[in-house]
Amino acid sequence: MEKTGVELKDIANLCKRRGYIFQSSEIYGGIGSVWDYGPLGVELKNAVKREWWKSMVYDRDDVEGLDAAILMNPEVWKASGHVASFADLLVDCLECKKRFRIDKLEGKDCPECGGKLTEPKSFNLMFKTQVGSVEGQATDVYLRPETAQGIFVNFENVLNSSRKKLPFGIAQIGKAFRNEITTGNFTFRSREFEQMELEFFVKPGEDEKWYDYWVAARLEWYTSLGIRKEHLRLREHEKEELAHYAKRCHDVEYLFPMGWSELEGIANRADFDLKQHSRLSGQDLVYFDDAADERFIPYVIEPSGGVDRAVLAVLVDAYRTETVRDRKRVYLALDNRLAPIKVAVLPLLKNRPEIVEMAKGIRDDLRGDYRAVYDDTASIGRLYRRQDEIGTPYCVTVDVESLDDGKVTIRERDSMEQDRVDVSRVKEVLRERLCGL
Ligand code: GAP
């Protein structure tokens, strides 16, 4: 199996140590495959979502946004096919009691202890909860396993209120929940995760053309985040692999440490969902094309990505190590737009009030433009190491000489190159280097 040199445990260690990602409820021993994003993780995740929203909604005329609720009328999941078929076939080991997905097993016996396995049972991946406060009258509802259905059931609302014409899309970012059986690989397969989904509605017959368009556009988006091209590929689903709703599907895959794995799926869902919702809700979700005087149910092309997987791929791809003066240096070569902190202002000596004052003044001046922090909690070497490891593109250092010549050092993360710049020009120089962020 092809692999990168990076190990997931290195990424998980860095994430915990530096405040990117923590195990959920850790002080209670955690909960399987549920993760919390720390002070830096929330910034990185927000930046990834911001880039997606910008490219899907703000940079286009044919897409509108939506934020639908997680809880929905349970009929939605009957119409979508999730109640009947969103399930894995599982077997249990009669000896060690562990549970396995049948499609992941190689032999007939338990892969852990060699024990005998039960007959396969179907296990629905949706989490169930209840709505209603009256005992005995509560209704079973599901935590949505995909955000897509919130878009389909709002198709008419968005169409009518935004006065859009086909082809047009609805974009949404939000939480989804799946009671996954095969977990592990850090955040890759979580039980609670976020999706970034676009449902792009087109005239039947124009679907293949738009499908090709979105497959190419989505691959390109990942490279635009700074992920190396050679670590990305497209893979088309075999017929037997296709989800119940899909006519065709391509995955964008990333070369994770455990091998090539799915980042995003781009599916041609044809008219499956709108037809199903028309049938079960009794509402006619037909589109009227007034120019052609035609009525039809639109086809849908769906690029559906995972926020957490994009974040993980960005972290893995940015993780670099090198030896500098016999010491290992770890840094995250994050794209400037994604780096949680853009500039760290550091005093060489924290016991010199004039240096501290000058450094804090520079930090205050930069703050209005982007995330800039002041840090004096360690020696300069350690402070640089910390900023390298969290991916801060620039450090500004104030030293004793700065007090005399009014110049400070700007240090670049990847090359570690340093240059002296007049303090009055720091803002302008950084704006140029951060490409106008
Ligand atoms: N609406 C289509 C849909 O949900 P999917 O392939 O099941 O399709 C889309 O999911 C994307 O959501 C995946 O490509 C992946 O990035 C993300 N995803 C799915 N299950 C996930 C999980 N358990 N943990 C993290 N991300 C997940």
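Predicted model: local features only at pLDDT ≥ 70, side-chain atom pairs only at ≥ 80, totals over all residues.
Residues are counted from 1 along each chain as its sequence is written, and side-chain values use heavy atoms, with hydrogens and water left out. Local features need pLDDT of at least 70 and side-chain atom pairs count only at pLDDT 80 or more, while totals for chains, interfaces and linings use all residues.

Starting with the cysteines, a search of the whole structure turns up zero disulfides (a disulfide being a pair of cysteine sulfur atoms within 2.5 Å). For cysteine 110, the closest cysteine sulfur belongs to cysteine 93 and sits 3.7 Å away, which is too far for a bond. Cysteine 110 is also buried, at 4% relative accessibility (buried means under 20% relative accessible area, with a 1.4 Å probe and protein chains only). Cysteine 249 is buried too, at 9%.

Now for the sheet. Five strands form an open sheet in the order E20-E19-E21-E22-E23, with mixed pairing. Strands (E, at least two residues) and helices (H or I, at least four) are DSSP runs numbered from the N terminus, and two strands pair if DSSP finds at least two bridges between them. E20 (372–374) and E23 (418–422) are the edge strands, each with a single partner, so one side of each has no neighbour in the sheet. Within the sheet, E21 (residues 394–398) pairs with E22 (residues 407–412) in the antiparallel sense over four bridges, and valine 396 stands opposite isoleucine 410 in E22.

Methods:
Buried < 20%, exposed > 50% of the residue type's maximum accessible area, 1.4 Å probe, protein only.
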